[in-house]
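Morning, everyone. I have one structure to go through today, and I will keep it short. Please have a look at it first.

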Amino acid sequence: MKVNGASYMVPCLAAILVLLQCFCAVAEVVTCSGMVPMVYRNDKISITDFGAVGDGRTLNTKAFREAIYRIEHLKRRGGTLLYVPAGVYLTESFNLTSRMTLYLAKGAVIKASQDTSNWPLIAPLPSYGRGRERPGGRYMSFIHGDGLHDVIITGENGTIDGQGDVWWNMWRQRTLQYTRPNLVEFKDSRGIIISNVIFKNSPFWNIHPVYCSSVVIRYVTILAPADSPNTDGIDPDSSSHVCIEDSYISTGDDLIAVKSGWDQYGIAYGRPSNDITIRRITGSSPFAGIAVGSETSGGVTNVLAEHITLSHTGIGIHLKTNIGRGGIIRNITISDVFMDTVRKGIKIAGDVGDHPDDNYDPNALPVLKHVRIKNVWGEKVLEAGLIKGLKNSPFTDICLSNVHLTGSSASRHGPWTCADVSGGSVQVSPSPCSELISSTQSGVCSIPF
Ligand SMILES: *[C@@H]1O[C@H](CO)[C@@H](O)[C@H](O)[C@H]1NC(C)=O
Ligand SMILES: *[C@@H]1O[C@H](CO)[C@@H](O)[C@H](O)[C@H]1NC(C)=O
Ligand SMILES: *[C@@H]1O[C@H](CO)[C@@H](O)[C@H](O)[C@H]1NC(C)=O
């Protein structure tokens, strides 16, 4: 009996341990779901109640604008859900309102009109001083939110299609009069959720939260051709508490780029991006996978990007700024990155990006410090890294640990190029440049700041 009892005890304990481990492993999957509550809306209306026709040809601008006008003015308790059933709904750009859910059912497509002559213009962002690509105002985003709170865009993976090729062609032919529209922009807004939606062929940047706080973007798919110009995936800009996770992004420019304004305009506006979490993102880009910059004049602090999988990408991790930007880029942690077939693994540089005009202050030097890049594995990485600070503002406390990038043996310059940078490295292969080889064996990387 005793023997039997003991022999039962061991597997029993083992089973309990396994169960506990499973429990802990599940509990360890961190998400941004708690950051902004997913509100249930009692009041529901359908876009078809407003005369919308999902035949792909009828212009439904009036239906969208009236439905949203109704939500805005009837102010139902708990807000209103605007249901978009299966079908292709062509429309011009429209504004959202507070306390609403835009719900795209399975098979629903909201498609942007290609009539660029009729597209509304809005003021440039104060932190940019002008449109990002052309002077003056800019075209309003296809779906726009200004000064809102409690807005959800979700559903069953319906599609928001920007039909951007007309805009890309105008860019290619240099016939753009103003800066192209983003696909979705929220400005001065808070409490935003964007989930379970497919974004396709944005004219310019796909999702642009600017001067926002408490923004959750998850379970989205963002697609644009690799040769489509400036189709950044998600650009949190002068925004705080932004959480982006569990998404697939494949576009013609940076997948995610954290920004905060442009040179003297961004410095004067002084609005940083901080507390930005990015996790479980997969994708490819001819430019960067995870980027900070290059417009960082309001400063960028406390960024955590982890569990990133990139393939066929230009630069895996890219922190970029320039003289005239000013701004402090600080406390950036990027970890658990796998990259495959990449031109450059890591680039941190102080000479990237253009200026809004000639009035930028060449003495407004950016500060870039406290960067942690750890647990990075790369295959077919042509060049491991380029880390180049500014002579009069060297990058400091840049630490690489457990970074292994194979495939860069063929590089002409050697795998790493560094200048005006200090920091440390632990377990990095190929062996990093001398600037990052720790003087103390324990490594500067472990020192908190
Ligand atoms: C949409 O919002 C923009 C920016 O706030 C505003 O200029 C424009 O008049 C609004 N358009 C409509 C149709 O309400
Ligand atoms: C929508 O897409 C996400 C991935 O982006 C997936 O996790 C989810 O299961 C899909 N939902 C439906 C209803 O198809
Ligand atoms: C650095 O950023 C992380 C988020 O990535 C945050 O948790 C931490 O508190 C920040 N550290 C400091 C010293 O601000």
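This is a predicted model: local features need pLDDT of at least 70, side-chain atom pairs count only at pLDDT 80 or more; totals for chains, interfaces and linings use all residues.

Let us start with the pocket. How much space lies in the largest pocket? About 570 Å³. Its lining is made up of 30 residues. Arg-132, Asn-230, Asp-232, Asp-253 and Lys-320 are the ones nearest the centre of the pocket. Sorted by type, the lining has twelve charged residues, ten nonpolar and eight polar. Among the contributors, strand β21, residues 300-320, gives the most, and that is three residues.

Where does the largest pocket lie relative to the domains? Domain 1, which is 1-228, gives residues to the lining, and domain 2, 254-449, does as well, so the pocket lies between the two.

Next, ligand 1. Which residues are around ligand 1? They are Asn-95, Met-140 and Asp-146. For Asn-95, a polar atom of the side chain is 2.6 Å from an oxygen atom of the ligand. For Asp-146, a side-chain N or O atom lies 3.1 Å from an oxygen atom of ligand 1.

Last, the loop residue, Asp-49. This residue sits in the loop that runs between β1, 43-46, and β2, 55-59. Is Asp-49 buried or exposed? Its relative accessibility is 55%, and exposed means over 50%, so Asp-49 counts as exposed.

Key. Residues are numbered from 1 along each chain as its sequence is written. Chains are lettered from A and ligands numbered from 1 in the order in which they are written. Side-chain values use heavy atoms; hydrogens and water are left out. Helices (H or I, at least four residues) and strands (E, at least two) are DSSP runs, numbered from the N terminus. Buried means under 20% relative accessible area, exposed over 50%, partly exposed in between (1.4 Å probe, protein chains only). On a 1 Å grid over the protein atoms alone, a cavity is a set of points where a 1.4 Å probe fits but cannot get out, and a pocket is an open set with protein on both sides within 12 Å along at least five of seven lines; lining residues have an atom within 4 Å of a point. Grid points are joined across faces, edges and corners, and a volume is the space filled by probe spheres set on the points. Ala, Val, Leu, Ile, Met, Phe, Trp, Tyr, Cys and Pro count as nonpolar, Asp, Glu, Lys and Arg as charged, and the others, Gly among them, as polar. Domain bounds come from an automatic or database domain assignment. A residue is near a molecule or strand if one of its heavy atoms lies within 4 Å of it. A polar contact is a pair of N or O atoms within 3.5 Å; within protein, one must be able to donate a hydrogen and the other to accept it, and residues adjacent in sequence count only if both atoms are side-chain atoms.
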